[in-house]
Structure formats: structure tokens, C-alpha cells
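Q: I am new to this structure and would like to learn how its features are read. Could we go through them one at a time?

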Amino acid sequence: MIEDEPKLASAVKGGLEGDDYTVVVVHSGEEGFFLLCREAFDLIILDVMLPGRDGFEILGAVRQQRIPIPVLLLTARDGIEDRVQGLDAGADDYLTKPFAFPELLARVRALLRRGTQERPFRKKLADLEIDFGLCSVSRAGQTIELTTREYELLAYLFSNVGRVVSREMIAREIWKEVARQTPLDNVLDVHLTRLRRKIDGPFEKKLLHTVRGLGLVLRDGD
Ligand code: CA
């Protein structure tokens, strides 16, 4: 459960544990995303209004990386836009706050019954492999340790294998900002350089290519 209101979080945790579920609560989107990349969960209960990266951003990142977990979204407002945006972004169900605990429980049961949808878990390019379920990356059978940002970058490049992606696209998709002679431009360079060093550095065959004036492409061959 990713929820920044401690009272609500502990009430839901207590209720669900009373029903024999195991619940881990984190209070920010960043923490939640970090954890999702490191442990296996059956369901995410995700609050929309969070400090830092909000619920929609987390949901977007989860779906972009094809983490195959059902998501129950908690929306504070009774606005239809939130629900539509949430479902469009890949939420499996939503609850509007305030809600009655039995209703949450019923939705949790329904989502777990429906189970994990079949989604492609892994992609491979030459000997570079990404596992979207475990958020892990390996090359030539060796695990490569990436930071969350580096992983997001690579996952984005992997979902566009063979296609050139511009710096603007990366800035928009990963940082949700526009890169244009801003500090973000430098940040992006730093992350790209590190990512390149990790996935290509020790290997003769390079997979991440710069296309001058256009951007980057992940592909097998020049
Ligand atoms: Ca909140």
C-alpha cells in the first residue's frame, strides 16, 4: 500500500491483516516504486495524492515497465477525471475516498481472484536481457546493478528497441519534464553515460547508440 496518510494506512493495514493478508505500507511514491522493483507483490493499493511523484506517475512507471501487478487506485476527489485518467493509465480498479473497509476488502478479493494478467515479462537484445517482473537487467548472464533512473531509462529504450528516441522523449517519459538547455539536460547526460558504461562498457558489441542530432537507439548492430 502506497499511502501518505498514516491513520488511513494503518487502519487498512490492520483490517487486511485481520483478514490474513500481509501488508507493507510505504508513505511516498518513490519508496513504493523502489520496493516494487525489489520484491514481489500480489497487489498494489495506490493513493493518487502523494507527495513527490503522485499515484498517476507511479502507475505510469509500473505499467511502462510492465510490472504485472493489479493496481487498486485510491482517489480522494469524486472527480470523474481522476478515475478516467487512472483507468486509462492502467489501474485495474479504483475506490473513491472516503470508503468503507468492507468495500475495499471486496475489491481486493476480486482483484486477487482475477490474478496477474499475462504480460510479456522479459525482453532480450543480443545478450542483454531485461526482466520487467523483477526489474532486473543482465548481460551475458551477469546481473547489472542499475539505479532506479537508469533502469527506467533502459526499460524505456527496451520498449522502443530499434527506434530512435529523442532526448525530449526521454525527458518527458522518465522525468516528466521538458529538456531544453536546462539542468535536466546535464542530469540526463550523467544518467545516460552511467547506463552506457554499465551495459556496454565492458563489452565489445555496443547496443546503445547515439544518433547524432536525433537521439538514442537501443539496437543490435550499428
Ligand atoms: Ca494522500
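Predicted model: local features only at pLDDT ≥ 70, side-chain atom pairs only at ≥ 80, totals over all residues.

Q: How many residues lie between the strands in the hairpin of S8 and S9, and which of them takes a positive phi?

A: The hairpin has three residues between the strands, and Gly-213 takes a positive phi near 80°.

Q: In what order do the three strands of the open sheet lie, and is the pairing parallel or antiparallel?

A: A sheet is read by listing its strands from one side to the other, which here gives the order S1-S2-S3 with parallel pairing. Strand S1 (44–47) and strand S3 (93–96) are the edge strands, each of them pairing on one side only. With direction ignored, neighbouring strands of this sheet are turned by 25° against each other on average. In a regular strand, side chains alternate between the two faces of the sheet.

Q: Which residue in S2 stands opposite Asp-47?

A: S1 and strand S2 (residues 71–75) pair in the parallel sense over four bridges, and within S2 the residue opposite Asp-47 is Leu-74.

Q: Which residues are the protein donors of the calcium ion?

A: A metal site is read from the protein atoms that lie around the ion, and for the calcium ion these donors are Asp-4 (OD), Asp-47 (OD) and Met-49 (O), lying 2.1 to 2.3 Å from it. Along the chain, the donors follow the spacing D-x42-D-x1-M.

Q: Why is Asp-47 called buried, and why is Met-49 called partly exposed?

A: The terms rest on relative accessible area, where buried means under 20%, exposed means over 50%, and partly exposed lies in between. Asp-47 has a value of 0% and is therefore buried, whereas Met-49 has a value of 47% and so counts as partly exposed.

Q: How much space lies in the largest pocket, and which residues are the closest to its centre?

A: About 410 Å³ of space lies in the largest pocket. It is lined by 20 residues, of which Thr-22, Val-23, Val-24, Phe-41 and Leu-43 are the closest to its centre. The lining divides into 16 nonpolar, two polar and two charged residues. Helix H2 (29–36), S1 and helix H5 (101–114) each supply at least two residues of this lining, and H2 gives the most, with three.

Definitions and conventions
Residues numbered from 1 in each chain as written. Heavy atoms only, no water. Pairing = 2+ DSSP bridges. Axes fitted to C-alpha atoms, helices over the stretch in contact; angles between N-to-C directions. Donors = N, O, S within 2.8 Å, 3.2 Å for Na, K, Ca; no water. Buried < 20%, exposed > 50% of the residue type's maximum accessible area, 1.4 Å probe, protein only. 1 Å grid on protein atoms, 1.4 Å probe; cavity = no way out; pocket = protein on both sides within 12 Å on 5 of 7 lines; lining within 4 Å. Points joined across faces, edges and corners; volume = space filled by probe spheres on them. Nonpolar A, V, L, I, M, F, W, Y, C, P; charged D, E, K, R; others polar.
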